[in-house]
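Thanks, everyone. Please have a look at the model on the screen, and then I will walk you through a few places in it.

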Amino acid sequence: MPTDEPPRVAIVGAGPSGLFAAAALVAHPDVRVDIFDRLPTPFGLLRYGVAPDHASIKAVATTLARVFESERVRFLGLVEFGRDVTAAELVAAYDAVIYAVGAADDRHLGIPGEDLPGSRSARQFVAWYSGHPDAEPQPMAGVHDAVVIGVGNVAVDVARILLKEPAALSVTDMPDAVLAALREAEIEHVWLVGRRGPEHATFTTPELRELLETPGIGITVTGCDLDAIDDAVLERHARANVASIARAVADSPATADRWLHLLFWHRPAGLDGEGRVQAVRFEPTAPGAEALTVPADLVLRSIGYRGVPLPGVPYDEGRIPNLEGRVLELDGSARPGEYAVGWIKRGPVGLIGSNKKDAAETVAHLLEDLATQPRRLLTDLDTALDARGVRPSDLADWRRIDEAEIARGGIRGSERTKIEAWHDLLDLVRHDPGPA
Ligand code: NAP
């Protein structure tokens, strides 16, 4: 390819960070962008991580999808990095490669019984209720008592979904099978457990208040004396969190069918059960607090996401080492032409919107490098993929899935109902539509 061709950039991952990066790139007049994803559907964690009842956050998809209107952007779904395409191939075929793969794994507690049936990560539970095609189904029949470990926004999301009446969730995009499973649960108690105090919790105040205001629930707090917390030394959000909890406990009804129990200053010591989880043993992390055992049919650890290493790409402690988005070798030396955005760049913290500024930083450096570094002759990846039978899905395939989901939603009275089965998604992906 002659070097006066427009610059070509590959983005690995079509989640919010990848799409914000693509939008920043196409704002530049010539750049062409190919966005790769393992799935035939774009939007990553916006589609499979943001809670189904948070419609306003999900609506960010409309803004992110605008990037696909550019003729200089292609979506290549069903291409798995490491299996269908390697880092070396992308580097050879593009002027620059951006890794936008997020944090696809989760952290572990490292305690006895953690892997008993009935115990899993909140990430897996969220993927299930969000209709991710790889998610293991979650049996809910007979679930009365659930324990959520961690007090971040993901913990708040899963606790709220468990405590809500399933009827209130039928207007969301949850798959029909998920709604049916949630209807089988007989939730009575949901415990939300922090290893520090309410003033240290990482949940944000609006998300906490939404949980506390779940209709029909009773609320208790254990393990801390809210009145003894010195407001004066707290930051505003921590003060608002403590005040919200105190108000919710004071206003709680004395009797309720469903209870939210907030337990602070305790960490799980072990999960017990014969063949499946039946209880969680907690030990105190503050002087004066007591050990406690809580019955549990379902345990969700919500203690943070974790990045996954990409074959052929440097990786350190859950992230790709980088300087403001420029990928570095493990010894800190430069690795020209490769960039990172989103959670794989900075770790699993921040809201969807945080990715816009983050992507702008990386893209600014990428464009700076393109302008100052000599161009290379690029290889033709499309032909290489085709030769080995890799047939990426495209935007038309995604639009067909999109329309089918909207049509399914119409039947249930929701805006959309997710299609969660691989075979249904693949049926809608037509590689060879044949003669018109
Ligand atoms: P997070 O905010 O980092 O919360 C992780 C929680 O796990 C903390 O309470 C942490 O306690 C606890 N933890 C960590 N290791 C533990 C251990 N070994 N034992 C017991 N507890 C442990 O992470 P997240 O909830 O996964 O959320 C990730 C990001 O997504 C956050 O930035 C969040 O705000 C964002 N998010 C936003 C929304 C929303 O806006 N609606 C929804 C979901 C997620 P310590 O603080 O003591 O370490």
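Start with the ligand. There are 22 residues around it, and Asn-153, Arg-195, Arg-196, Thr-202 and Gly-350 come nearest. A residue is near a molecule here if one of its heavy atoms lies within 4 Å of it.

Before I go on, the ground rules. This is a predicted model, where local features need pLDDT of at least 70, side-chain atom pairs count only at pLDDT 80 or more, and totals for chains, interfaces and linings use all residues. Residues are numbered from 1 along each chain as its sequence is written, and side-chain values use heavy atoms, with hydrogens and water left out.

Back to the shell around the ligand. By class, the shell has nine nonpolar, eight polar and five charged residues. The classes are simple: Ala, Val, Leu, Ile, Met, Phe, Trp, Tyr, Cys and Pro are nonpolar, Asp, Glu, Lys and Arg are charged, and the others, Gly among them, are polar. Which helix gives the largest share of the shell? Helix 7 does, with three residues. Helices (H or I, at least four residues) and strands (E, at least two) are DSSP runs, numbered from the N terminus.

Now the polar contacts, meaning pairs of N or O atoms within 3.5 Å; within protein, one must be able to donate a hydrogen and the other to accept it, and residues adjacent in sequence count only if both atoms are side-chain atoms. Thr-202 uses its side chain: a polar atom there is 2.8 Å from a ligand oxygen. Val-154 uses its backbone, with a polar atom 3.1 Å from an oxygen of the ligand. On its own, the ligand has 930 Å² of accessible area, and the protein covers 82% of that. Those areas come from the Shrake-Rupley method with a 1.4 Å probe; for residues, only the protein chains shown count as cover.

Stay with helix 7 for a moment. Asp-157 sits in this helix. Is Asp-157 buried or exposed? Asp-157 is buried, at 12% relative accessibility. Buried means under 20% relative accessible area, exposed over 50%, and partly exposed in between (1.4 Å probe, protein chains only). Setting aside neighbours within four places in sequence, Asp-157 is in contact with Ala-51, His-54 and Tyr-129. Contact means heavy atoms within 4.5 Å.

Next, helix 10, residues 205–212. Its buried residues are Thr-205, Glu-207, Leu-208, Leu-211 and Leu-212. They span an arc of only 165 degrees around the axis, so they lie on the same side of helix 10. That arc is taken from the directions from the helix axis to the C-beta atoms. What covers them? The cover includes helix 7 (153–163), strand 8 (189–193), strand 9 (217–222), helix 11 (236–251) and strand 10 (258–263).

Helix 11 brings us to Asn-241, which lies in it. Asn-241 is buried, at 1% relative accessibility. Not counting residues up to four places away in sequence, Asn-241 touches Pro-198, Ala-201, Phe-203, Thr-204, Thr-205 and Leu-208.

The loops on either side of helix 11 come next. Between helix 11 and strand 10, the loop holds Thr-255. Thr-255 is exposed, with a relative accessible area of 67%. Between strand 9 and helix 11, the loop holds Asp-231. Asp-231 is partly exposed, at 38%. Asp-231 and Glu-199 are 32 residues apart along the chain, and their C-alpha atoms are 9.1 Å apart.

Now helix 1, residues 16–26. Nine of its 11 residues are buried, so helix 1 is largely enclosed by the rest of the structure. Ser-17 is one of those buried residues, with 7% relative accessibility. Leaving aside neighbours within four places in sequence, Ser-17 is in contact with Ala-100, Val-341, Gly-342, Asn-355 and Ala-359. Ser-17 and Leu-64 are 47 residues apart along the chain, with 9.8 Å between their C-alpha atoms.

Last, two backbone points. Leu-78 is not a glycine, yet has a positive phi of about 60 degrees. Leu-78 is in the loop between strand 3 (73–76) and helix 5 (87–93), and is buried at 17% relative accessibility. Glu-324 is not a glycine either, and has a positive phi of about 50 degrees. Glu-324 is in the loop between strand 16 (322–323) and strand 17 (326–328), and is partly exposed at 42%.
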